[in-house]
Amino acid sequence: MRELFSRYFSTVGAEVKVTKASRDGGIDAVAFDPDPIRGGKFIIQAKRYNHVVPISAVREVNGIMAYEGAIKGILVTTSYYGNDSREFAKGKPLTLLDGSNLINMFKDYGYNVRIELKKKEKAN
C-alpha cells in the first residue's frame, strides 16, 4: 500500500511516510505535498474488511484528520462503503477508496492484484 501511494503522490512531488505500527493514532501513512496552493498533509488509513465498512471507521478518519491538522483524509478498504458512509463523507475532505477502485489504482501503476473477500457463513 505504501509503495502504491508513494508512486501516486510522487507524480505531484509529494512524499509518503508510513507510520509505526504502535502509537500511530490510527494513521497508516502520511503524505506531504509541498505545493503552496494544493499541498498539505494527507492522512491515509487502510482497513481490511470482508463486508460493508462501518460508518464508525469513516467518522474515525474524519476525527483523526481534524486532530492531525490534515487537509484530507483517505480511507482505503478491500471491501465497500454503504450509503451512510458516503453521505457522511459528502462535503468533507474525505476520500473513500473501495476495493474495486483500489484494484484499478494498483493496475494503473502496473500491479496485478486481486482481492478475495470471505463469504458469510450461513447460520444453521
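A crossing is left-handed if the near helix is turned anticlockwise from the far one by less than a right angle, and right-handed if clockwise. Helices (H or I, at least four residues) and strands (E, at least two) are DSSP runs, numbered from the N terminus.

The structure is a predicted model, in which local features need pLDDT of at least 70 and side-chain atom pairs count only at pLDDT 80 or more, while totals for chains, interfaces and linings use all residues. Residues are numbered from 1 along each chain as its sequence is written, and side-chain values use heavy atoms, with hydrogens and water left out.

**Stop 1: the helix pair**

Select α1, residues 2–10, together with α4, residues 99–108. The two helices pack at an angle of about 65 degrees, and their axes are 10 Å apart. Axes here are lines fitted to C-alpha atoms, for helices over the stretch in contact, and angles run from 0 to 180 degrees between N-to-C directions. That angle makes α1 roughly perpendicular to α4; the classes are under 35 degrees for roughly parallel, over 145 for roughly antiparallel, 65 to 115 for roughly perpendicular, and oblique for the rest. The crossing of α1 and α4 is left-handed.

Now show side chains at the contact (heavy atoms within 4.5 Å). From α1 come Leu4, Phe5 and Tyr8, and from α4 come Leu102, Met105 and Phe106. By class, this contact of α1 with α4 has 6 nonpolar, no polar and no charged residues. In that scheme Ala, Val, Leu, Ile, Met, Phe, Trp, Tyr, Cys and Pro count as nonpolar, Asp, Glu, Lys and Arg as charged, and the others, Gly among them, as polar.

**Stop 2: the buried side of α4**

Stay on α4 and colour by accessibility: buried means under 20% relative accessible area, exposed over 50%, partly exposed in between (1.4 Å probe, protein chains only). Gly99, Leu102, Ile103, Met105 and Phe106 of α4 are buried. They cover an arc of only 160 degrees around the axis, which puts them on the same side of α4; the arc is that of the directions from the helix axis to the C-beta atoms. An α-helix has 3.6 residues a turn, so residues three or four places apart point the same way. The cover over the buried residues of α4 includes α1, β4 (72–77) and β5 (94–97). Just after α4, select Gly110, which takes a positive phi of about 85 degrees.

**Stop 3: the buried residues of α1**

Go back to α1, where Leu4, Phe5, Ser6 and Phe9 are buried. Their cover includes β1 (15–18), β2 (29–33), β3, β4, β5 and α4.

**Stop 4: Ile44 on β3**

Select Ile44 in strand β3, residues 40–47. Ile44 is buried, at 2% relative accessible area. Leaving aside neighbours within four places in sequence, Ile44 is in contact with Phe5, Phe9, Ile27, Asp28, Ala29, Ile74 and Val76.

**Stop 5**

Ile74 is in strand β4 and is buried, with a relative accessible area of 7%. Beyond four places in sequence, its contacts include Phe5 and Phe9, along with Ile44, Val61 and Thr95.

Not counting residues up to four places away in sequence, Val76 touches residues including Met1, Phe5, Ile44, Tyr81, Leu97 and Leu102.

**Stop 6: Leu97 on β5**

Finish at Leu97 in strand β5, which counts as buried at 12% relative accessibility. Outside the four places either way in sequence, Leu97 touches Phe5, Leu75, Val76, Thr77, Tyr81, Leu102 and Met105. For a distance check, Leu97 and Glu68 are 29 residues apart in sequence and 20 Å apart in space, C-alpha to C-alpha.
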